[in-house]
Amino acid sequence: MAQKPRRTPRRRSRIKLGRVSLYLVVIAITAIMILPFLWMLSASLKLDREVFAFPIQWIPEAPRWQNYVEIWEMIPLARFVYNTAKITIIVTVLQLFTSSFAAYAFAKLDFPYKNVLFLGYIATIAVPWHVYMVPQFVMMREFGLNNTHLALICLQAFTAFGVFLMRQFYMSVPDELCEAARIDGMNEYQIWYRIMLPLSKPALSTLTIFTFVATWNDFLGPLIYLTETKLKTIQIGLRMFISQYSSEYGLIMAASVVALIPVLIVFLSLQRFFVEGIASTGLKG
């Protein structure tokens, strides 16, 4: 039998040097990505005149924790957080339901013009929202849904990206599994609920994170459809710290930190499934 070539000391040193270089690049990119969040956290504990001081004092000498108290008193932040959480949770649940349901049909059922319909639906991803923003607004106004949360929920309950993501995962599930379930007497609804959904936790977790983050951070939608203060979301509420002549940057950063906490909780809770969904889209033997 032919022996495998042994690695020489010079080759080993090159491999180690390559790994060290890769780690340094990853650490540098990570630091660049985290730096704005660290600055935001530092600025949330400062007075306005200290926020843009140079050089940056990352740890304030006298942290102003009062900023985190004033943000609840100056604007109805609790109401904004409730409105944002309400819309985000409802939209996320609806997108998980509609996307997984439609994806199962496109992946495992046969019906006329299936591929044409799927390609037409997916093609809508390439159309910017700004193109059909005005027609959507006119339609919601004609339905009497203007200045309601229901308008935002209806417009975001369906997503072509979610259908595409879930379909790609369902395509990796063997058809024999569905055929065996049909032989056992299951209908399509039972197969989707009892077989497909339990197997698709990684894909569902990935879609949950994307949907939650996008809906929670949505600014333009609530800006267009919501006019009453009691209905506004936290992203719109941040603008209330900006007056005609000045901006309360310390308070804005404090409110931004509060707005970021739910997103971090959701991501950290689903991180294991998210990584699994990104790394693999098939069944493991």
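Me: At the start of H8, which residue has a side-chain oxygen that reaches to the backbone nitrogen of Phe 161?

Reply: Thr 159 does, and in this predicted model its side-chain oxygen comes within 3.3 Å of that backbone nitrogen, at the start of H8.

Me: And how many residues does H8 have, and what span does it reach?

Reply: Helix H8 covers residues 160–171, which is 12 residues, and from its first C-alpha to its last it reaches 16 Å, close to the 16 Å expected at 1.5 Å a residue.

Me: Which of the H8 residues are buried, and what covers them?

Reply: The buried ones are Ala 160, Gly 162, Val 163, Met 166, Arg 167, Phe 169 and Tyr 170. The elements covering them include H4, helix H5 (114–123), helix H10 (188–199) and H11.

Me: Let's change topic to the largest nonpolar core. Which of its residues touch the most other members?

Reply: That core has 24 residues, and those touching the most other members are Tyr 68, Ile 71, Trp 216, Ile 234 and Phe 241. At least two residues each come from helix H1 (9–43), helix H3 (67–74), helix H4 (77–108), helix H11 (201–216) and helix H14 (249–269), and H14 gives the largest share, with 10 residues.

Me: What is Ile 71 in contact with, leaving aside its neighbours in sequence?

Reply: Beyond four places in sequence, Ile 71 is in contact with Leu 77, Phe 241, Leu 251, Ala 254, Ala 255 and Val 258. There is also a second, separate core of 17 residues, which includes Val 173, Cys 178, Ile 195 and Leu 204.

Me: You mentioned Ala 255; where does it lie, and why does it count as buried?

Reply: Ala 255 lies in helix H14, and it counts as buried because its relative accessibility is 0%, where the cut-off for buried is under 20%. Apart from residues up to four places away in sequence, Ala 255 touches Ile 71, Ile 234, Leu 238 and Phe 241. Ala 255 and Asn 67 are 188 residues apart in sequence, yet their C-alpha atoms are 8.6 Å apart in space.

Me: What about Thr 233, is it buried or exposed?

Reply: Thr 233 counts as buried, because its relative accessibility is 4%. This residue sits in the loop between helix H12 (220–225) and helix H13 (234–237), and, not counting residues up to four places away in sequence, Thr 233 touches Phe 80, Thr 84, Ile 87, Asp 218, Pro 222 and Leu 226.

Me: Switching to cysteines, how many disulfides are there?

Reply: The count is zero disulfides, going by the distance between cysteine sulfur atoms. Cys 178 counts as buried, at 1% relative accessibility, whereas Cys 154 counts as partly exposed, at 35%.

Me: Before I go, where in the chain is confidence lowest, and where is it highest?

Reply: Confidence is lowest in helix H15 (residues 271–279), at a mean pLDDT of 67, and highest in H4, at 93. Over residues 281–285 the pLDDT is below 50, although that stretch has eight contacts in the model beyond near neighbours in sequence. For the protein chain the mean pLDDT is 85, with 89% of residues reaching 70 or more.

Me: And how many helices and strands are in the chain?

Reply: The protein chain has 15 helices and zero strands, and of its 285 residues 36% count as buried.

Technical notes
Residues numbered from 1 in each chain as written. Predicted model: local features only at pLDDT ≥ 70, side-chain atom pairs only at ≥ 80, totals over all residues. Heavy atoms only, no water. Core = buried A, V, L, I, M, F, W, Y, C linked by side-chain atoms within 4.5 Å. Buried < 20%, exposed > 50% of the residue type's maximum accessible area, 1.4 Å probe, protein only. Helix = DSSP H or I, 4+ residues; strand = E, 2+ residues; numbered from the N terminus. Contact = heavy atoms within 4.5 Å. Expected span 1.5 Å × (residues − 1). Polar contact = N/O pair within 3.5 Å; in protein donor to acceptor, adjacent residues only side chain to side chain. pLDDT = per-residue confidence, 0-100. Disulfide = S-S within 2.5 Å.
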